[in-house]
Amino acid sequence: NEIYLQGLADRVPPFTTDATRLEAVAESTMDPGPFGYVAGGAGSGDTVRANRAAFARWRIVPRMMTGATERDLSTTVLGTPMPAPVLLAPVGVQSIVHPDGELATARAAAALDVPIVLSTASSYPLEDVAAVGGPRWFQLYWPNDPEVCASLLHRAKAAGYTVLVVTLDTWTLAWRPRDLDHAYLPFLRAAGVANAFTDPAFLAGLAKPPAEDQATAILRWVSLFTGTDKRWDHLPFLREHWDGPIVLKGIQHPDDARRAADEGINGLIISNHGGRQVDGAIASLDALPAITSAVGDRLDLLFDSGIRTGADVIKALALGAKAVLLGRPYVYGLALAGEEGVRHALRSLLADLDLTLGLTGHQTPASLTPSALHRD
Ligand code: FNR
């Protein structure tokens with residue numbers, strides 16, 4: 001309604017409301033390095049494409065006369081109430097697409113009460129982002145220095161992040177031709193080290209402070225996250241230093257999901273990192289049903305990789321996810337129009353989801369089951 005009413009005054013939205021076209025719009029304005037960083041995938045880009053193709057194979061079967069003209073999309077996941085089953089996915093080094101970076105993202109999300117998941121590789125210190133307010137989870141790239149790890153967890157807890165998301169699929173960066181072709185590694189830029197240069201444990205381990213030798217400090221930080229060999233029996237370390245819910249991100253195999261449930265993990269994010277890690281990997285949506293069968297009743301399942309529209313959210317929820325994470329679309333919003341752009345991308349998805357849920361014949365996301373779908 002808001003958009004149509006503004007249309008009466010000849011005002012149109014800041015950019016397209018069609019998230020599937022957002023990438024092309026962003027490409028026309030962004031520099032190739034940052035654009036390639038956001039859009040790019042592993043290898044040939046096969047998994048990026050597979051993620052989207054998987055959604056098209058599931059079709060929604062709408063129901064009629066169900067009272068869905070009134071809807072309530074709100075839900076609570078791992079103790080966090082949210083207006084709809086949607087969170088913002090962790091995306092590192094956001095200041096490379098807009099100078100306000102994660103601060104703008106956090107402001108847009110907080111205004112809507114939508115939770116953010118802040119990346120370890122954020123370009124603003126996690127305390128500064130927390131100061132914006134709003135519900136927030138912290139994403140950990142698990143460093144191979146236990147003191148730095150404990151320090152990051154302590155800081156995140158103290159700053160009011162309520163859920164720990166541990167990303168397992170990125171213990172090293174994949175072969176990413178777009179970044180390689182542009183010789184563009186955002187994490188090597190000072191922008192990606194905000195949490196390092198504010199971390200007492202990290203700073204204490206340096207021979208010289210960053211002000212005297214910035215290059216060495218950055219390389220040391222990056223090395224903490226490269227080739228990290230983490231095994232299931234390392235999980236108790238995280239429990240020791242984090243007393244809230246723990247979510248593992250990057251799970252695609254039902255056996256890994258079962259193992260996580262056996263270890264007492266509280267939630268999983270079924271994700272292939274938006275196709276950025278394993279070229280040729282299973283589409284994330286195709287991994288979801290088997291994991292739902294394996295552990296859906298034992299821990300909370302969240303989903304990402306390929307979510308663009310309200311219909312996509314409905315499909316993921318019907319296949320067992322309790323909530324989804326939005327990735328690239330909000331980052332393009334940030335690139336195109338800063339805080340207002342994140343807000344527009346996010347509100348567009350939420351409005352599309354609300355309308356599509358209602359027209360599908362559901363009053364709440366909780367009533368979605370596989371019977372809402374037909375597989376082509
Ligand atoms: C990511 N992703 C990510 N994940 C994570 O755990 N920590 C991080 O720092 C990042 N950084 C990051 C940067 C960029 C530019 C992108 C596009 C993605 C992965 C992200 O959380 C999510 O899994 C994917 O973005 C989901 O795929 P779609 O929806 O973007 O296709």
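Biologist: I would like to start with charged side chains: how many salt bridges does a search of the whole structure find?

Modeller: The general idea is that side chains of opposite charge can pair when their charged atoms come close. A salt bridge is counted here when a side-chain nitrogen of Lys or Arg lies within 4 Å of a carboxyl oxygen of Asp or Glu, and searching the whole structure in this way gives 15 of them. Please keep in mind that this is a predicted model, in which local features need pLDDT of at least 70 and side-chain atom pairs count only at pLDDT 80 or more, while totals for chains, interfaces and linings use all residues. Residues are numbered from 1 along each chain as its sequence is written, and side-chain values use heavy atoms, with hydrogens and water left out.

Biologist: Which parts of the chain does the pair R52 and D312 link?

Modeller: The side chains of R52 and D312 form a salt bridge with an N to O distance of 2.8 Å. This pair links distant parts of the chain, since R52 belongs to helix 4 (residues 46–57) and D312 to helix 15 (residues 310–318), 260 residues apart. Helices (H or I, at least four residues) and strands (E, at least two) are DSSP runs, numbered from the N terminus.

Biologist: Is D312 buried or exposed?

Modeller: Those words rest on relative accessible area: buried means under 20%, exposed means over 50%, and partly exposed lies in between, using a 1.4 Å probe and protein chains only. D312 has 3% relative accessibility and therefore counts as buried, whereas R52, at 28%, counts as partly exposed.

Biologist: Which residue forms a salt bridge with R57?

Modeller: R57 pairs with D286, and their closest N and O atoms are 2.5 Å apart. Here too distant parts of the chain are linked, with R57 in helix 4 and D286 in helix 14 (residues 284–295), 229 residues apart. R57 is partly exposed at 30% relative accessible area, and D286 is partly exposed at 25%. R57 and D286 are also joined with R375 in a network of salt bridges.

Biologist: Where do R343 and E340 lie?

Modeller: Both lie in helix 16, three residues apart, which is about one turn of the helix, and their side chains meet in a salt bridge at 3.4 Å, N to O. R343 has a relative accessible area of 28% and is partly exposed, as is E340 with 39%. Helix 16 also holds S348, where a polar atom of the side chain lies 2.7 Å from the backbone oxygen of H344.

Biologist: What is V163 in contact with, leaving aside its neighbours within four places in sequence?

Modeller: Contact means heavy atoms within 4.5 Å, and the partners of V163 beyond those neighbours are L78, T80, R136, W137, F138, W242, P245 and V247. V163 lies in the loop between helix 7 (146–158) and strand 7 (164–167), and it is buried at 0% relative accessibility.

Biologist: Finally, which residues are the closest to the ligand?

Modeller: A residue is near a molecule if one of its heavy atoms lies within 4 Å of it. The ligand is surrounded by 22 residues, of which the closest are P90, S119, T167, R308 and R328. An oxygen atom of the ligand lies 2.7 Å from a backbone N or O atom of P90, and an N or O atom in the side chain of R308 is 2.8 Å from an oxygen atom of the ligand. On its own the ligand has 600 Å² of accessible area, of which the protein covers 99%; such areas come from the Shrake-Rupley method with a 1.4 Å probe, and for residues only the protein chains shown count as cover.

How values were computed
Polar contact = N/O pair within 3.5 Å; in protein donor to acceptor, adjacent residues only side chain to side chain.
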